[in-house]
Amino acid sequence: MKITDKIYVAGHTGLVGSAIIRLLKKKGYLQIVTRSSEELDLRDQKLVNEFFETEQPQYVFLAAAKVGGIMANQTYPADFIYDNLAIQNNIIHSAYKHSVEKLLFLGSSCIYPKNAPQPIEEDYLMTGVLEPTNDAYAIAKIAGIKMCQAYHRQYGSRFISVMPTNLYGQGDNYNLQNAHVLPALLRKFHEAKLNKDATVTVWGTGKPRREFLHVDDAAMACYFLMQRYESPEIINVGSGLDYTIKEMATTIKKITNYPGNIIFDEAKPDGTPRKLLNIDKIRALGWKAVIDLEEGLASTYNNFEKNYFYYTNQTESRNGTIVYV
Ligand code: GDP
């Protein structure tokens, strides 16, 4: 990817897309193309095709998707499967039609079976049933992977698929109805401190284990793989470390300086018991995460506190609608 190449980042306002943009700008890339969802509805095949015809990007980071936490996935499965299939079908097919040099498709660790052995190797894909709380989203992402592989097989397209673990960091979604666990807890503990609430309620039993990766590390991994990885086989991106939700709640209580108590609402779903990726493949290529979780969370909290009104207003207006990340 040369400094003068034209690069389209789909989903540039989302968590991952905005981190990729920050990184490309820092590296000095001169032709970064973006479109907001108001300017270009990625679910519209004709509009997406016209966009590729006009812009002719050489590289594509496909970071546009409807994403959300456990409750959003459970409540809006139809939106998750329809929007994601439409977005990725349109972009991947247009990238082929308009001879894009290389495309990187972002998947998710929820594509793997609910009870996959841990840490999860890339080969475990399609070896068991999915976690029911997000199976609609997972099936869309699996279709995206298979589509990239099919275009590679039939047309020789250089379309690669990257599976990141749970991500967090600057630019996250803080809407409590559809956020993922870390931004949700940062906001809950922060507001409980301001309101002097005696308790904060954490969903589920606190026992599930999750792996977390700072989005700036994830962006570095995408950039690295765009230059260095050519295989149509999927590749995991993670930190290699996982923690219980209870441990994360305790860490966030400390980071936010909240003096009260944590309670667990067991009526809310736990989701999959554990989701830790095996990252041997990307480590062997020479990439590893560098941002420590506590430091990453502290800087994320700092950014959230400083931009509290932006994050809370922005996410309120996104309630139940499409979040392109
Ligand atoms: P998942 O990794 O797909 O299950 O998605 P989430 O990030 O939404 O949830 C991870 C785990 O954190 C689940 O076990 C949730 O029940 C738990 N959790 C605890 N409190 C919260 C919360 O306030 N919001 C969310 N989204 N999850 C929470």
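Two strands are taken to pair if DSSP finds at least two bridges between them; helices (H or I, at least four residues) and strands (E, at least two) are DSSP runs, numbered from the N terminus. The model described here is predicted, so local features need pLDDT of at least 70 and side-chain atom pairs count only at pLDDT 80 or more, while totals for chains, interfaces and linings use all residues. Residues are numbered from 1 along each chain as its sequence is written, and side-chain values use heavy atoms, with hydrogens and water left out.

Six strands, in the order E2-E1-E3-E4-E5-E9, make up an open sheet with parallel pairing. Strands E2 (31-33) and E9 (235-237) stand at its edges with a single partner strand each, so one side of each has no neighbour in the sheet. From one strand to the next, the twist averages 20° (axes are lines fitted to C-alpha atoms, for helices over the stretch in contact, and angles run from 0 to 180 degrees between N-to-C directions). Strand E1 (residues 6-10) pairs with E2 in the parallel sense over 3 bridges, and Lys-6 has Gln-31 in E2 as its bridge partner. Helix H1 (residues 15-26) packs on this sheet, touching E1, E2, E3 (59-62) and E4 (102-106) (contact means heavy atoms within 4.5 Å); the direction of H1 makes about 155° with that of E1.

Helix H8 (residues 245-255) comes next. Its buried residues are Ile-245, Met-248, Ala-249, Thr-251, Ile-252 and Ile-255 (buried means under 20% relative accessible area, with a 1.4 Å probe and protein chains only). Just after H8, Asn-257 takes a positive phi of about 60°.

Definitions and conventions. Buried means under 20% relative accessible area, exposed over 50%, partly exposed in between (1.4 Å probe, protein chains only).
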